[in-house]
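Thanks for coming. Please have a look at the structure on the screen, and then I will go through it piece by piece.

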Amino acid sequence: MNKARFYEQTDNGLLCLLCPNHCLLQPGKTGRCLSRGATEDGSMQLHSYSRIVAANVDPIEKKPLYHVFPGRPIYSIGSYGCNFRCRFCQNADISQHKHVGSELTPKQLVAEAKSIKDNIGVAFTYNEPGIWFEYICDSAPLLRQAGLLTVMVTNGYLNPEPWAELCRHVDAMNIDLKSFNADFYKNICGGQLETVKNNIVAAVKAGVHVEVTHLVVTALNDDIGEFSTLVDWLANLSDRIPLHISRYFPRHLESAPPTKPALIAKFVEVAGKKLKFVYPGNISASQDTLCPACKSVLIKRNAYNVLVNYRGTTCQCGEKLPFIDEYNPRLKIERNT
Ligand code: SF4
C-alpha cells in the first residue's frame, strides 16, 4: 500500500487535489485517472506505485527530446491510467485500463537504469506520469545521486503545488500542448488549456529543460490561425523552446484520416518564423538541428540514427548551443519573459 499525497477528507468523501479534475472518492473507489483510490480507513493510495506496465530502452529522440544528450539511450517506463480522456489517445490500452504490471521499487529502478550501457537516465512516459507523482518524487533523488537524469513525457495537467514539486525533481520534460483552444481541451481531452499553459511557464521558470509537442489531428486542431497563436505564445515565453509538430494517425475513438504531410510542412514553416528549433514528427522529413545563427548542421538525424556534428557549448560561429549533454549538463532555457 502506498499512501498518496495531495488530498483532503470532506463530508462527502476524499477530495483529490493532485490534478484539476478534483475527484471526490468514496471508500473502495478510484479516481478518473484509475491509479488513485480511497481506502476504507479514509486514506488515499497510489495503486500504481512501482507497478511497471511498459519498459523499454529507447533513443531519447523517441520521447521526443532532441536537445538532451542527442543520440543516447534512456530507460523508459510507464504504468497505467491518465487524467485526460483524449479521443485520439495513442496509448489507450494502458492509459484507459487498469493493469497489474510488475514491481520495480525506486531502488530497483535505479539499479536497472545503471545496468544499461550508455543510459542517460529514466523517462517516465507511455501513460501520464503526473499521476505517478509519489513514485517519481521517490525515484528522482536516487537517480540524481546516481548521476542519472529524470525525464517526463507529460500532458502537464497537475495542480500548481505538486507541479512545482515535480519541477524540482525533473531535469527535462516533453509537454504536450494539444491545442490553443480551451474548448478543444474541455471537449476532446477533458482538461483545461490554462492549466497546461501555466505549467509550461512554471517548468521553464523552474529551470526544467522543456520541449513541447503539438499533435495535429485532422479536422480537430488543424486550423493554421489557431496554431499561429500557439506559436506566438510559445515564442513569447522563449524562442529557444524546441517544438515538435507531429503527424496524427487514427487511434482509440478517433477515426479521422491521418494528418496530410503537406499540412505538417505548412505548420513547420509557420512555427519556424518565430521559433529557432522546430521539428516535424511521425513523418519522413528533415529533423536536423541547425545553428540558429550560421545555419550549420549541428545534428543530422535519419529516423533514430543521430550524427552529432558539434563539440563544446558554442557553435563554431560563437552561438550558444541549446543542448543538455556531456559539455553542458544543466542547460537552462533563456526566457523572453
Ligand atoms: S489525480 Fe486522479 S484521482 Fe486525483 S483528481 Fe486527478 S484524475 Fe482524480
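The shell around the ligand, sorted by class, has six nonpolar, four polar and two charged residues. In this sorting, Ala, Val, Leu, Ile, Met, Phe, Trp, Tyr, Cys and Pro count as nonpolar, Asp, Glu, Lys and Arg as charged, and the others, Gly among them, as polar. The shell is made of C16, L18, C19, N21, H22, C23, G31, R32, C33, R36, N83 and I131.

The model is predicted, so local features need pLDDT of at least 70, side-chain atom pairs count only at pLDDT 80 or more, and totals for chains, interfaces and linings use all residues. Residues are numbered from 1 along each chain as its sequence is written.

Now the sheet at the start of the chain. Strands here are DSSP runs of E with at least two residues, helices are runs of H or I with at least four, and both are numbered from the N terminus. Two strands pair if DSSP finds at least two bridges between them. Three strands form an open sheet in the order 1-2-3, with antiparallel pairing. Strand 1 (7-10) and strand 3 (24-25) are at the edges with a single partner strand each, so one side of each has no neighbour in the sheet.

How many bridges join strand 1 to strand 2? There are four, and the two strands run antiparallel. The hairpin that joins strand 1 to strand 2 passes through two residues. Strand 2 (residues 13-16) then pairs with strand 3, again in the antiparallel sense, over two bridges. Here L15 has L24 in strand 3 as its bridge partner.

Next, the domains. The domain assignment of the chain, which is automatic or from a database, gives domain 1 (7-46) and domain 2 (51-285). Their C-alpha centres lie 25 Å apart. Eleven residues of domain 1 are in contact with 16 residues of domain 2, where contact means that the C-beta atoms, placed from the backbone, lie within 7 Å. The side of domain 1 that touches domain 2 has seven nonpolar, two polar and two charged residues.

A residue is buried if 20 or more other C-beta atoms lie within 10 Å of its own, exposed if 12 or fewer, and partly exposed in between, with C-beta atoms placed from the backbone. A nonpolar core is a set of buried Ala, Val, Leu, Ile, Met, Phe, Trp, Tyr and Cys residues joined through C-beta atoms within 7 Å. The largest one has 89 residues, and V122, V151, A172 and V210 have the most contacts inside it. Helix 3 (residues 133-145) gives the largest share of this core, five residues. As background, nonpolar side chains tend to be buried together in soluble globular proteins.

To see one of these residues in place, take V122. Beyond its neighbours within four places in sequence, V122 is in contact with Y75, I77, L109, A113, S139, L143, L148, T150 and V151.

Now strand 14. Is strand 14 covered on one face or on both? Both: L243, I245 and R247 are buried on one side, and H244 and S246 are buried on the other. Strand 14 runs parallel to strand 13 (residues 209-216), joined to it by five bridges. In that pairing, H214 stands opposite I245.

P258 is partly exposed, since 14 other C-beta atoms lie within 10 Å. It is 41 residues from V217 in sequence, but 7.5 Å from it in space, C-alpha to C-alpha. H252 is in the loop between strand 14 and helix 8 as well. Its phi is near 55°, a positive value in a residue other than glycine. With 16 C-beta neighbours inside 10 Å, H252 is partly exposed.

K295 also has a positive phi, about 70°, and is not a glycine. K295 is exposed, with 10 other C-beta atoms within 10 Å.

Last, a cis peptide bond joins K63 and P64, with omega about -5°. P64 sits in the loop between strand 7 (54-59) and strand 8 (73-78).

Methods. Contact = placed C-beta atoms within 7 Å. Near = placed C-beta within 6 Å.
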